[in-house]
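Look over the model below.

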Amino acid sequence: MVRTIFDDKSADKLKTIPNDNTVSLRICTIAEHLETMLITRLQSGIDFAIQLDESTDIGSCTTLLVYVRYAWQDDFLEDFLCFLNLTSHLSGLDIFTELERRIVGQYKLNWKNCKGITSDGTATMTGKHSRVIKKLLEVTNNGAVWNHCFIHREGLASREIPQNLMEVLKNAVKVVNFIKGSSLNSRLLETFCSEIGTNHTHLLYHTKIRWLSQGKILSRVYELRNEIHFFLIEKKSHLASIFEDDTWVTKLAYLTDIFSILNELSLKLQGKNSDVFQHVERIQGFRKTLLLWQVRLKSNRPSYYMFPRFLQHIEENIINENILKEIKLEILLHLTSLSQTFNHFFPEEKFETLRENSWVKDPFAFRNPESIIELNLVPEEENELLQLSSSYTLKNDYETLSLSAFWMKVKEDFPLLSRKSVLLLLPFTTTSLCELGFSILTQLKTKERNGLNCAAVMRVALSSCVPDWNELMNRQAHPS
């Protein structure tokens with residue numbers, strides 16, 4: 001058609017535009033190249049740890065994502081290992097079989113080199129009828145440790161809310177559903193908020209499976225409480241009355257604060273290249289903070305400095321003293337409940353190994369022989385630690401490098417301590433990378449592309465390996 005309408009030169013130019021198959025083939029070629037690079041490294045016999053999680057995509061297909069962390073050259077590297085499509089009726093044994101077929105059958109990796117397995121605590125992975133984790137630990141000859149995702153545990157601990165405060169959360173959700181459930185209501189509120197110049201113009205849905213959901217929805221409702229109240233009055237909704245209740249709004253201010261604080265903790269537990277010591281310190285610090293807040297509230301002159309919105313609200317509004325005392329007791333009950341649930345999901349005995357190996361976190365804190373003897377190390381390890389802690393050159397390296405990079409650097413001179421430290425630091429503590437992968441999958445696999453096979457695209461999008469572009473460019477672009 002171009003040749004007929006224009007000329008041969010224009011038609012020849014059109015031929016140079018890659019078609020859909022060409023783009024798809026190149027994506028697959030890059031994905032295969034990246035996969036080969038990663039698997040070649042893992043096949044060399046190095047230690048590695050995995051994190052895995054499952055979810056359901058827009059096409060109602062169950063998918064399992066697996067990430068790997070491994071020691072390579074001078075530090076740990078984290079990378080996307082594999083993407084498995086699962087049928088919804090698969091049992092735990094079937095999931096393990098699919099994983100075994102990919103890891104051992106296709107990749108030729110040895111499970112004995114796996115030193116850590118991290119997942120959430122759902123029945124799919126750890127239930128008595130599933131036991132995927134149990135089978136994985138068995139094939140590693142119990143040489144791997146299983147970590148229950150710290151973020152998942154923090155989310156479970158945060159769900160315990162006293163009944164009176166739970167009613168506040170439920171009513172806030174009802175308000176959001178009333179407005180967001182109608183496209184007209186949602187648009188009208190957005191227009192109203194835009195006209196009066198608020199920082200935000202729309203509400204957020206509450207989703208239990210989202211880590212930050214409670215904090216975000218409550219913050220938005222509290223911030224727009226006056227605008228929402230006016231809007232509900234205009235709509236003649238009975239929900240408007242809850243915003244006229246000072247007690248309810250005061251409790252909403254507290255819930256906004258406490259869940260914002262929990263969100264901050266959750267965000268600190270996310271990210272790449274974090275070690276177990278950092279996460280344990282943050283959890284223990286938060287537990288001590290909860291105890292401090294309880295002491296503050298139990299005093300004759302309670303302090304609310306830790307809850308800025310709540311404090312501002314009671315300072316700007318006249319709150320009955322008896323009502324404020326009742327709210328204080330509910331807050332104290334909630335903080336006590338949080339302390340108990342955090343102690344349940346993060347028991348002290350689980351951190352005993354870290355306390356016994358505290359020298360891994362800071363080897364230079366043990367400079368004298370007396371302190372080293374108390375660590376219960378074997379004589380060879382004691383000698384290595386004494387020599388290491390006496391080196392000012394290595395202390396400079398310790399202060400500038402990450403903890404994993406430091407122990408990788410000293411593996412030649414201090415092999416026993418380095419090996420022990422690497423095995424302790426290698427396992428993941430969260431499944432945040434899998435959650436990141438599911439977010440990418442949501443962007444790639446839409447309603448219009450719900451039949452897309454995302455394996456190659458996910459590899460290109462998530463891989464940490466740097467492709468050898470010269471090699472790829474020298475390959476034949478179109479297979480004959």
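Q: Which residues are linked with R287 in a network of salt bridges?
A: This is a predicted model. The structure holds 15 salt bridges. Some of them form a network, and the residues linked with R287 in it are E348, E352 and R355.

Q: How many helices and strands are there in the protein?
A: The protein has 480 residues, and buried residues make up 46% of them. Its C-alpha trace spans about 90 × 75 × 45 Å along the principal axes. The secondary structure amounts to 24 helices and five strands.

Q: How far apart are the end C-alpha atoms of helix α12?
A: Helix α12 covers residues 246–268, which is 23 residues. At 1.5 Å a residue it should span 33 Å. The model agrees with that expectation, because the end C-alpha atoms are separated by 33 Å.

Q: How many of the 23 residues of α12 are buried?
A: A residue counts as buried when its relative accessible area is under 20%. By that cut-off α12 is mostly covered. The number of buried residues is 18.

Q: Which residue caps the N-terminal end of α12?
A: The cap involves a side-chain oxygen and the backbone nitrogen of T247.

Q: What separates K325 and E321 along helix α15?
A: K325 and E321 form a salt bridge, with their closest N and O atoms 4.0 Å apart. K325 is partly exposed at 46% relative accessibility, and E321 is exposed at 56%. Both residues sit in helix α15 (residues 321–345), four residues apart, so the separation is about one helical turn.

Q: How many residues apart in sequence are the parts tied together by K420 and E381?
A: The side chains of K420 and E381 meet in a salt bridge of 3.5 Å, N to O. K420 lies in helix α21 (residues 415–425) and E381 in helix α18 (residues 379–389), so the pair ties together parts whose separation in sequence is 39 residues.

Q: Is E381 buried or exposed?
A: Its salt-bridge partner is K420. K420 is partly exposed at 31% relative accessibility. E381 has a relative accessibility of 11%, so it counts as buried.

Q: How far apart are the closest N and O atoms of E399 and K395?
A: Both residues belong to helix α19 (residues 392–400), and being four residues apart they are separated by about one helical turn. E399 is exposed at 53% relative accessible area, while K395 is partly exposed at 24%. They form a salt bridge, and the distance between the closest N and O atoms is 3.0 Å.

Q: How many disulfides does the count come to?
A: A disulfide needs two cysteine sulfur atoms within 2.5 Å. By this rule the count is zero.

Q: Which cysteine has the sulfur nearest to that of C82?
A: C82 is buried, at 1% relative accessibility. C82 is in no disulfide. The nearest cysteine sulfur is 9.6 Å away, and it belongs to C434.

Q: How far is the sulfur of C465 from the closest cysteine sulfur?
A: C465 is buried, with a relative accessible area of 8%. The closest cysteine sulfur is in C82, too far for a bond. The distance is 14 Å.

Q: Which residues make the nonpolar surface patch of about 440 Å²?
A: One member, M1, is found in the segment before α1 (2–5). M1 counts as exposed, because its relative accessibility is 82%. The patch is made by M1, I5 and F6.

Q: What is the phi of K236?
A: Most residues other than glycine have a negative phi. K236 lies in the loop between α11 (225–234) and α12, and it is exposed at 74% relative accessible area. Its phi is positive, near 55 degrees.

Q: Where is N376 found?
A: N376 is not a glycine, yet it has a positive phi of about 60 degrees. It is exposed, with a relative accessible area of 70%. Its place is the loop between α17 and α18.

Q: What distance separates the C-alpha atoms of F366 and L388?
A: F366 is in the loop between α16 (352–356) and α17 (369–373). F366 counts as buried at 13% relative accessibility. F366 and L388 are 22 residues apart along the chain, and their C-alpha atoms are separated by 9.6 Å.

Key. Residues numbered from 1 in each chain as written. Predicted model: local features only at pLDDT ≥ 70, side-chain atom pairs only at ≥ 80, totals over all residues. Heavy atoms only, no water. Patch = residues over 30% accessible without salt bridge, like charges linked within 9 Å, V, L, I, M, F, W, Y side chains within 5 Å. Areas by Shrake-Rupley, 256 points an atom, 1.4 Å probe, with all protein chains shown as cover. Helix = DSSP H or I, 4+ residues; strand = E, 2+ residues; numbered from the N terminus. Buried < 20%, exposed > 50% of the residue type's maximum accessible area, 1.4 Å probe, protein only. Expected span 1.5 Å × (residues − 1). Polar contact = N/O pair within 3.5 Å; in protein donor to acceptor, adjacent residues only side chain to side chain.
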